[in-house]
Amino acid sequence: MKWVKFRIKTITDAEDIIISTLYDIGLEGAQIEDKIPLTSLEKEQMFVDILPEGPEDDGIAYLSFFVEKKEDGTLELQGEPSTVEEILTNVERELEDLRQFMDIGEGTITVGETEDIDWINNWKQYFHQFYIDDILVIPSWEDVKPEDTDKLVLHIDPGTAFGTGMHETTQLCIRQLRKYITPETELLDVGTGSGILAILSLMFGAMHAVGTDLDVCAVEAVAQNCEVNGIAPEQFDMMIGNIITDKEVQDKVGYECYDIVVANILADVLVPLTPVIVNQLKKGGIYITSGIIDDKEETVVEAVKAAGLEVLEVTYQGEWVSVTSRKA
């Protein structure tokens, strides 16, 4: 399958209006390339593997739109036959109209052709099996090697939005979970994402797990990862919503019913989460946190202590920190 790609060089302030305008003429599903830093809300929603700091925002943005090229070389837009020249003319006209009342930067357009676009699966070439201590983490598109058949194997397909376990913060949590899991453990995983921490906890012997996340896509990701790892549906319950601010979610999750709560989240989210989540912990329950960059360690430790929890251990990997505490 071949696609014609229309790529527009503009500025970040004009992204939304250009996408909306070109949507009206039939160009949908824009690919956005820019260097805009994450907003506070986006950071709050990063409940799994933490992205590194990106380059400084230069205000430049590239918007790419793709139109499928049929076998006979023709294009179709909004159900009607079209040509590259016609589409290009329409895009240029719309951009010129926008330019009359706002800054759109260069507004230049390049046209190219690409083949076999698969936005959902292209990222798979970058994810291969790896080890976390004696645990083999492997995607569905790879096979377990004969020398690894005696290892604990976690099959994980993270999708495009969720973590794989490669990040230091996830590995810090896994090591702490292994220390405290028992056959009676009832576990809550806040920001479960792909479900890796809860699924491994069940594989370590925990009795039951509950996961919460803001992203509805986590439901399908968790279901798929549970299935490939032999986790029965009744072992892992998923809930969507913000446990920090939504009383209904807090009630549904339940109070003082978890032996372990794990949260691999940014420090800025752990601070407001901790005084809430202490209510979900049983007396004597363990609270495992990570996602903490080293210069935020004291911030999280203070939040834990302020919530009445006893700090048991602080562990490190690279520039990341995990704080483990206990409810009195």
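Reply: In this predicted model, β7, β8 and β9 make up an open sheet of three strands, in the order β7-β8-β9 and with mixed pairing. The edge positions belong to β7 (130-132) and β9 (152-155); each has a single partner strand, so one side of each has no neighbour in the sheet. On average, neighbouring strands are turned by 30 degrees against each other, with direction ignored.

The pairing of β8 (residues 135-138) with β9 is parallel and runs over four bridges.

Helix α4 (residues 168-180) packs on it and touches β7, β8 and β9. The direction of α4 makes about 45 degrees with that of β7. Helix α5 (residues 196-204) lies across β8 and β9, and α5 runs at about 150 degrees to β9.

For another helix, α9 (residues 297-306), the buried residues can be listed: Glu297, Val300, Val301, Ala303 and Val304. These residues lie on the same side of α9 because they cover an arc of only 160 degrees around the axis. Their cover includes α8 (267-277), β14 (281-293), β15 (309-317) and β16 (320-327). Lys305 and Ala306 are exposed, on the face of α9 turned away from the buried side. Just after α9 comes Gly308, with a positive phi of about 85 degrees.

On side-chain rings, the structure has zero aromatic pairs. Arg7, however, lies over the face of Tyr62, at 4.0 Å from the ring centre.

Methods. Residues are numbered from 1 along each chain as its sequence is written. This is a predicted model: local features need pLDDT of at least 70, side-chain atom pairs count only at pLDDT 80 or more; totals for chains, interfaces and linings use all residues. Side-chain values use heavy atoms; hydrogens and water are left out. Buried means under 20% relative accessible area, exposed over 50%, partly exposed in between (1.4 Å probe, protein chains only). Helices (H or I, at least four residues) and strands (E, at least two) are DSSP runs, numbered from the N terminus. The arc is that of the directions from the helix axis to the C-beta atoms. Contact means heavy atoms within 4.5 Å. Rings of Phe, Tyr and Trp (its six-membered ring) pair if their centres lie within 6.5 Å; planes under 30 degrees apart count as stacked, over 60 as edge-to-face and the rest as tilted. A charge sits over a ring if NZ of Lys or CZ of Arg is within 6 Å of the ring centre and within 35 degrees of the ring normal. Two strands pair if DSSP finds at least two bridges between them. Axes are lines fitted to C-alpha atoms, for helices over the stretch in contact, and angles run from 0 to 180 degrees between N-to-C directions.
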